[in-house]
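Here is a short briefing on one protein model. Look over the sequence and structure, then read the points below.

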Amino acid sequence: MKARALGLLARREHSPEEMRQKLRDSLRRWQAAATQASADESVDADLPEPDPLIDALIGWLEGLDLLNAQRFIEGRIQARSGRHGSPRIRQELARHGLAPDASQAARLRAEDRGHAQALWLRRYGEVSSDPAEKARQMRFLAGRGFPPDVVRAVVNGRGGEPD
């Protein structure tokens with residue numbers, strides 16, 4: 001199990017909850033294979049309980065600072081903030097059982113308008129007078145998870161100004 005956990009962490013950062021789920025799935029596959037092998041050979045298999053074993057391994061990884069929730073949050077924010085809005089990033093972190101701290105959340109929210117403006121400029125470049133085109137641009141930014149007030153401001157040409 002340690003080798004599996006270290007292999008997963010060698011590829012990329014994981015949240016503790018994500019690591020727990022992946023290890024639980026691996027252990028279940030291993031136990032199923034061991035149970036099948038013992039049934040074929042009429043041997044009694046001593047299988048460990050999954051949750052205490054996984055919790056101990058997660059604790060060991062956190063103790064060595066190989067698994068770090070704050071580092072995962074920072075990395076996810078860094079990777080997503082240029083293309084996605086703060087609500088979408090918070091939603092993704094929530095799926096991992098995490099939440100940004102107050103300063104990270106404030107920084108994300110403060111950067112929303114600038115990121116949306118840059119993304120909109122790369123994609124469209126100019127304010128449209130056609131309502132259908134404006135609606136399409138709004139759907140694009142909203143689909144990226146930017147808040148409605150930011151979307152309206154950027155599409156209406158007020159990207160740098162507060163509402």
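Buried residues, those under 20% relative accessible area, make up 34% of the 163 residues in the protein. Exposed means over 50%, and partly exposed lies in between (1.4 Å probe, protein chains only). This is a predicted model: local features need pLDDT of at least 70, side-chain atom pairs count only at pLDDT 80 or more, and totals for chains, interfaces and linings use all residues. Residues are numbered from 1 along each chain as its sequence is written, and side-chain values use heavy atoms, with hydrogens and water left out.

**Fold**
- The protein has eight helices and zero strands. Both are DSSP runs numbered from the N terminus: helices are H or I with at least four residues, strands are E with at least two.
- From the N terminus, the order of elements is α-α-α-α-α-α-α-α.
- Take the contacts (heavy atoms within 4.5 Å) between residues at least 6 apart in sequence: 62% of them join residues at least 24 apart.

**Surface**
- The accessible surface of the protein is about 9400 Å² (Shrake-Rupley method, 1.4 Å probe; for residues, only the protein chains shown count as cover). Carbon and sulfur atoms hold 52% of that surface.
- L6, W60, L64 and L66 form a nonpolar surface patch, with about 330 Å² of accessible area together. Patches use residues with over 30% relative accessible area and no salt bridge; like charges are joined within 9 Å, nonpolar side chains (Val, Leu, Ile, Met, Phe, Trp, Tyr) within 5 Å.
- L64 sits in the loop between α3 (50–63) and α4 (69–80). L64 counts as partly exposed because its relative accessibility is 47%.

**Salt bridges**
- Side chains of opposite charge can pair when their charged atoms come close.
- The whole structure holds 14 salt bridges, each a side-chain nitrogen of Lys or Arg within 4 Å of a carboxyl oxygen of Asp or Glu.
- R20 bridges to E17, with the closest N and O atoms 3.6 Å apart. The two are three residues apart in helix α2 (residues 16–41), so about one helical turn separates them. E17 is partly exposed at 37% relative accessibility.
- R107 and E74 meet in a salt bridge at 3.5 Å, N to O. R107 lies in helix α6 (residues 102–123) and E74 in helix α4, so the pair ties together parts 33 residues apart in sequence. R107 is partly exposed at 34%, and E74 is partly exposed at 33%.
- E133 pairs with R136, the closest N and O atoms being 3.1 Å apart. Both are in helix α7 (residues 131–143), three residues apart, so they are separated by about one helical turn.
- Salt bridges with shared partners join R12, E18 and K22 into one network.
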